[in-house]
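User: I am new to this structure. Please take a close look at one part of it, the place where two of the chains meet, and walk me through it.

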Amino acid sequence: MATRMPNPVTSGKLVDLAAELLPRMRARGPKVHCITNTVAQPITANVLLAAGAIPSLTTTEAEIGAFVRSADAVLANLGTLDPERHQAIEIAIHHAAKTKVPWLLDPVFVDRSELRLDYARELLARKPAAVRLNAAEFKALSGAPPNAEAVRVFARSRGTIVALTGEVDLVSDGKRLATIRNGDALMGKVTAMGCAESALTTAALVASEDAFAAVVAALTVFGIAGELAAAVSKGPGTFAFAIIDALYAMTPDDVRARAKVADG
Amino acid sequence: MATRMPNPVTSGKLVDLAAELLPRMRARGPKVHCITNTVAQPITANVLLAAGAIPSLTTTEAEIGAFVRSADAVLANLGTLDPERHQAIEIAIHHAAKTKVPWLLDPVFVDRSELRLDYARELLARKPAAVRLNAAEFKALSGAPPNAEAVRVFARSRGTIVALTGEVDLVSDGKRLATIRNGDALMGKVTAMGCAESALTTAALVASEDAFAAVVAALTVFGIAGELAAAVSKGPGTFAFAIIDALYAMTPDDVRARAKVADG
Amino acid sequence: MATRMPNPVTSGKLVDLAAELLPRMRARGPKVHCITNTVAQPITANVLLAAGAIPSLTTTEAEIGAFVRSADAVLANLGTLDPERHQAIEIAIHHAAKTKVPWLLDPVFVDRSELRLDYARELLARKPAAVRLNAAEFKALSGAPPNAEAVRVFARSRGTIVALTGEVDLVSDGKRLATIRNGDALMGKVTAMGCAESALTTAALVASEDAFAAVVAALTVFGIAGELAAAVSKGPGTFAFAIIDALYAMTPDDVRARAKVADG
């Protein structure tokens with residue numbers, strides 16, 4: 001790898017920040033409170049632990065305040081949106097706003113349920129630091145096609161960072177735009193992979209002053225973990241755990257050698 | 001493998017259909033809404049994704065209708081039968097009946113709880129397309145020993161397809177009967193393996209006009225996945241993920257070479 | 001290994017009992033009802049199955065009595081302590097007390113929530129057979145530093161067995177004290193590892209007349225499983241499943257060769 005040519009589509013500064021993400025996270029150990037769906041809980045917690053963050057997952061009304069008060073960031077994932085989770089999100093966002101703790105919205109399956117769509121719109125108006133979603137969810141929420149310009153417009157109009165993930169990831173804060181071409185198709189064959197990516201992105205918000213760069217860094221690192229995992233996997237079963245191993249072992253050099261991040 | 005002798009206990013037509021199950025499922029991508037217990041959710045979703053189906057898992061009263069309306073099949077699993085899941089099953093079955101969407105009943109642990117047993121009996125009267133259960137559950141529900149004749153009688157009297165799984169699987173629609181001798185003992189050492197098999201069987205109901213053949217195909221494919229997984233596993237931990245890899249990679253030739261399906 | 005020297009810090013009798021734990025458990029097949037948090041459910045069930053026990057996990061008010069009545073031991077884990085789980089624990093402990101079924105308390109994250117701390121204190125007064133917890137939880141609950149003398153004092157004052165796990169495990173029944181130096185750092189990088197260890201310890205209470213020795217045996221076996229798993233793992237992802245394989249395959253000789261158990 002010593003003589004590897006620099007990647008022409010790579011944005012140097014964003015890649016530097018991506019390379020530093022995991023060392024910073026391991027040093028800081030951010031506490032991330034995740035209100036997420038039950039199917040996503042194990043992989044979400046394990047991805048955060050592998051990256052050096054400290055997950056907590058309770059959704060109980062009586063306790064959520066205590067957990068959020070001692071958290072550094074909050075994830076609001078709309079999967080399995082039962083009344084308890086709905087209430088938990090309300091309390092968590094209220095506390096997060098009061099204490100300036102960043103929170104991220106993952107509007108899971110808003111394309112399948114009008115009720116979730118309405119609630120996701122309401123949450124968007126309450127200024128999450130970032131939103132991570134897939135193409136179908138983006139279309140349902142923005143009414144626009146899932147392309148770079150639409151992502152930028154949506155981010156600007158909502159005053160948040162939008163991270164649209166898929167074969168190519170698009171991130172915008174309304175002004176800047178980054179394109180990330182890391183990842184592997186097996187990521188779409190494992191349940192809750194997007195939810196886990198959202199959790200890692202939430203943790204990244206703590207690790208950098210520049211929230212846009214932090215989101216780009218998280219998606220880059222997660223995509224590279226997917227590539228490293230695919231190289232040692234026989235299918236989606238082993239892949240689901242190889243990606244956790246890859247996150248745990250990833251070095252800044254791995255990130256620099258593999259990042260495919262472009263500005264604009 | 002080229003000169004492998006044909007398996008004498010194999011029923012040719014059922015095996016052909018089993019061999020075609022995964023290609024059909026991958027082409028069709030059926031949406032399967034699974035009301036299932038929390039411990040089973042991750043493996044259930046991952047088995048469906050590996051087979052080419054699209055799982056959804058919400059159990060929230062306000063949302064379940066929207067998910068079932070866009071689903072191709074529904075799984076009603078009685079594990080962790082809390083009031084929310086009970087309500088979700090009621091709504092889902094109601095929608096499924098209206099829209100002719102097939103649904104499958106998995107009466108988990110009815111041998112351990114009188115309440116579940118009563119509810120399973122009530123659900124059986126509402127004509128699921130199929131029921132998948134183990135020997136203890138069959139005995140509790142039918143009052144009969146877990147043998148071929150009792151399975152046939154029970155299927156006929158209830159007007160459904162009964163799939164009794166164990167070391168040998170028995171499937172009957174009340175007239176036809178099939179015996180499947182695929183699988184591995186490690187399947188009994190991993191939690192929710194039966195629940196995941198029920199989910200795959202539910203998805204199979206979408207892939208064929210002949211529901212009996214579809215159920216036989218699903219159990220055959222799942223049993224073969226278990227055999228392929230056991231061959232590369234060191235124990236139940238790695239087996240749980242090797243079986244997902246095996247489903248993902250399985251070809252029609254794998255099925256033809258390994259299927260042990262007998263008529264009658 | 002034939003000429004391996006005896007470990008000087010090893011207590012022979014406790015190690016003999018630890019070596020016999022898994023054979024006894026596999027022969028007996030204890031039914032363990034686990035009220036535990038959703039994130040811990042899959043690994044908890046799989047650890048118990050790998051060790052030869054039979055897990056059940058329902059938390060539904062209407063059913064919990066039936067499950068506990070046919071259980072041999074009960075785990076009360078305070079993670080995701082929603083109203084349903086709170087109620088389930090109340091019913092389970094009530095039944096367990098009436099039928100002399102041993103139960104174990106795992107006061108997850110009492111250092112993060114005053115509410116849980118209060119409830120854990122209340123439960124402690126109701127005489128669990130054992131309590132398993134980490135250093136932060138021990139400090140919150142006992143008000144004392146996490147050392148051997150404090151563990152002994154706390155166990156004596158509460159009339160229970162206290163198992164404080166960490167880099168070194170300490171177990172006391174108020175009189176006897178044992179120190180266990182088995183385990184691997186990767187155990188701290190996988191979610192719900194402590195919860196799963198509590199479940200195995202709960203099952204162990206059924207396998208021996210001497211509850212103190214049973215708890216020591218469970219922690220020793222689980223620590224050794226961690227060592228065996230770490231030797232074949234590339235990171236916390238594969239480790240989580242290698243530890244289940246290790247429990248499944250472990251022999252009395254593995255335990256005798258590796259146990260680091262000291263009296264006092």
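**Where chain A meets chain C**

Start with one pair of side chains. Arg116(C) and Glu63(A) form a salt bridge, with 2.6 Å from N to O. The model is predicted, so that distance is a computed one. How many salt bridges does the rule find across the interface of chain A and chain C? The rule finds one. The Arg116(C) and Glu63(A) pair is a salt bridge with one partner in each of these chains.

Polar contacts come next. Across this interface, 13 residue pairs are in polar contact, with both residues at pLDDT 80 or more.

Now look at the side of chain A that touches chain C. Four elements of chain A give two or more residues to that side: helix H2 (41–51), strand S2 (54–56), helix H3 (61–69) and helix H10 (236–249). Which element gives the most? H2(A) does, with six residues. By class, this side of chain A has 13 nonpolar residues, eight polar ones and four charged ones.

Next, the extent of the contact. Chain A brings 25 residues to it, and chain C brings 23 residues. Together the two chains bury about 2000 Å². Of that area, 62% lies on carbon and sulfur atoms.

Then ask how the two chains are placed. Chain A superposes on chain C by a rotation of 120°, with 0.0 Å of shift along the axis and an RMSD of 0.0 Å. In chain A, Thr38(A) has the C-alpha nearest the axis, 3.8 Å from it. Do the copies use the same or different surfaces? They use different surfaces: 12% of the contact residues of chain A recur in chain C.

Chain B can be compared with chain C in this way too. Why do chains B and C meet through different surfaces? Only 13% of the interface residues of chain B are also interface residues in chain C, so the copies meet through different surfaces.

Notes. Residues are numbered from 1 along each chain as its sequence is written. Chains are lettered from A and ligands numbered from 1 in the order in which they are written. This is a predicted model: local features need pLDDT of at least 70, side-chain atom pairs count only at pLDDT 80 or more; totals for chains, interfaces and linings use all residues. Side-chain values use heavy atoms; hydrogens and water are left out. Contact means heavy atoms within 4.5 Å. Buried area is the accessible area (1.4 Å probe) that two parts lose on being put together, summed over both. A salt bridge is a side-chain nitrogen of Lys or Arg within 4 Å of a carboxyl oxygen of Asp or Glu. A polar contact is a pair of N or O atoms within 3.5 Å; within protein, one must be able to donate a hydrogen and the other to accept it, and residues adjacent in sequence count only if both atoms are side-chain atoms. Ala, Val, Leu, Ile, Met, Phe, Trp, Tyr, Cys and Pro count as nonpolar, Asp, Glu, Lys and Arg as charged, and the others, Gly among them, as polar. Copies are superposed by least squares on the C-alpha atoms of residues with pLDDT of at least 70 in both.
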